[in-house]
2 protein chains.
Amino acid sequence: MLVNGKHYRTVWLEGHIVNMINQPVIPHRFEIHQCMNYKETAEAISNMIVRGAGAIGATAGFAVAQAVFEASENDGFTFIENAVNVIRNTRPTAQNLFYAVNRVHNVIKDYGTGGVIQKEVRKKAVAEASAIADEDAVSCQRIGKLGASLIEDRCRILTHCNAGWLAFVDWGSALSPIYTAKREGKRVFVWVDETRPRCQGSRLTAWELKEEQINFVVITDNASGFFMKRHEVDMVIVGSDRIARNGDAANKIGTYEKAVIAKENDIPFYVAAPTSTIDWDCPSGDDIPIEERSEQEVLGIVGRDENDHIRTVYITPKGIKVRNPAFDITPAEYITAIITEKGIIKPDELKKLSKDQD
Amino acid sequence: MLVNGKHYRTVWLEGHIVNMINQPVIPHRFEIHQCMNYKETAEAISNMIVRGAGAIGATAGFAVAQAVFEASENDGFTFIENAVNVIRNTRPTAQNLFYAVNRVHNVIKDYGTGGVIQKEVRKKAVAEASAIADEDAVSCQRIGKLGASLIEDRCRILTHCNAGWLAFVDWGSALSPIYTAKREGKRVFVWVDETRPRCQGSRLTAWELKEEQINFVVITDNASGFFMKRHEVDMVIVGSDRIARNGDAANKIGTYEKAVIAKENDIPFYVAAPTSTIDWDCPSGDDIPIEERSEQEVLGIVGRDENDHIRTVYITPKGIKVRNPAFDITPAEYITAIITEKGIIKPDELKKLSKDQD
């Protein structure tokens, strides 16, 4: 998408350097963060310099390719296996991470049997990681086209967290149908949940929508039920970090509440995600691991002070305990349909898409 | 309740000065804010130096008494009528405000008919305002005793916003049963929603519970559904700012969502409030006016920086729009019972308490 008139992807490989938009400083600054080796890239995933299902996946793929570059100067195969483990352990919930790591890992399994092959394998790793990123962008664009068919003129859409282009390589999942609908000439309005603790809604989704000149207001997470009950929300679209075989979907903490309130008020609730988000080995939402993140995210909040400096303020008494699950599970029964690049599918029909039939 | 071993009420009258605990600076500082005249007291209500249903009510009562002090130096009756209007217009949702203003206003209706009567009327105004504050404390203590009967040993209670003693004159409504249960020797644990935008949960409820040495954790508003769905919440208790005749209850924005999620997960959902919160002239929740507060509360957040200074940081792009309703309505169907000083009552039996039968 465009930033100040220039096209950017969220993450991209340049030689052996992984470049990414530095997300914690948005909307206050726009900066490119560079990772010189796989460890720096893995840290950028853990620290959420890059975040969002597809963006984590593409970054993880690039990180494995980076490890292959580094391997020849180290101890080859063992180095790569170790790197793959480090990258896998950066975030537990997002399926796209495992999907991408596995794909790149598969093409480099011959690594270490000779100098010529090493060069060949390096090429293959880069090609596979780049393909994952490209496919992510293409899938998200397709999700936009399919999803836009659900959006009528003057539609008022609620979204939670950020499943825009910053969460993928380009276009996004939940926001892609909105971008497409706008380009088709439909008037759309977006309710943006701020999405505590990290405020991906008020920071990232708001920034994206502002750049795309789409009408929106930011509300606290507490207020979305108020507007749903008053019939001021026509549909909800969110992203997902992992979808189980039965259609249960993990997404940013708070999504479950929005889904229940939407159902209670007869508002369609859509999950938009590329099929790389589906974990076919995962029978149900109960089997999806939920990441619990640092207490610091709840104790404080990061923002821009009156001098435009980025700083943290703390909002609790000192020395108290908090809990900070980063995701929750929305059971399939609350999901009207899942918007994928392969079609708009009811959760209980997900198995029709199963990888055996791909 | 005790602060550093000394008993405090949230608000009290000393001569013609209204004293109150300065709530926006809690938990970072403990300060008493003094209002020298009714206008300062009215401003303290608008600016939420004092907030919470019962505390607003008691403060408003004191403000009317203050206006009576000031009236003799001004133009008597007209001055008071004007003051009453100013005080009434500070906050639109909390019923306790109108309840208290009306009560003090009623005893001073003879004002202005002579010097002796003026002195008498001043006494009456102070007596009535003080009675309202005292009754609030007594009612809340009684709510604590009745409500504690619902709390079993090892109970895990979720609360939203602050309906503790800071929201009343003493004891509180939602937290009073928890304080009483603790004193009865029961082990209780409290899930504290942070309650954006003003964080009354993470600031005020957390501070109160810490002072009372009650086990709690603070969570983001998004996380309470997660813990309810995992059966880690045994009951929900919240306060209310106005209860309609049909049992619908207005409370801090986000309460409606908690009530729906509680019902979905078969968790009892209690509203704790003195009967002064019931608006007998209000047929249903649809008739309760909902205050929409400043955009600043959503654009930014107030906290303590690394040098213990209180400051605001901003979490959205510049120049965007927000919406900020301060309350929502929980329909009676989601409320298991209302804990009042006169008994624990199912919402549809509220009419039995009607003022005609008092």
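**Exercise 1. Work out what share of the 358 residues in chain A is buried.**

Step 1: Buried means under 20% relative accessible area, exposed means over 50%, and partly exposed is in between (1.4 Å probe, protein chains only).
Step 2: Apply them to chain A, and buried residues come to 64% of the 358.

Before you go on, a word on the ground rules. This is a predicted model, where local features need pLDDT of at least 70 and side-chain atom pairs count only at pLDDT 80 or more, while totals for chains, interfaces and linings use all residues. Residues are numbered from 1 along each chain as its sequence is written, chains are lettered from A and ligands numbered from 1 in the order in which they are written, and side-chain values use heavy atoms, with hydrogens and water left out.

**Exercise 2. Count the helices and strands of chain A, then judge how compact the chain is.**

Step 1: Helices (H or I, at least four residues) and strands (E, at least two) are DSSP runs, numbered from the N terminus. Chain A has 10 helices and 18 strands.
Step 2: The radius of gyration, taken over C-alpha atoms, is compared with the globule rule: 2.2 Å times the number of residues to the power 0.38. For chain A the radius is 20 Å, close to the 21 Å the rule gives for 358 residues, so the chain is as compact as a globular protein of that length.
Step 3: For the dimensions, the C-alpha trace of chain A spans about 65 × 55 × 45 Å along its principal axes.

**Exercise 3. Decide whether helix α6 of chain A is largely enclosed or open.**

Step 1: Go through residues 176-183: six of the eight are buried, so α6 of chain A is largely enclosed by the rest of the structure.
Step 2: Name them: A:Ser176, A:Pro177, A:Ile178, A:Tyr179, A:Thr180 and A:Ala181.
Step 3: Peek just past α6(A), where A:Gly185 takes a positive phi of about 90 degrees.
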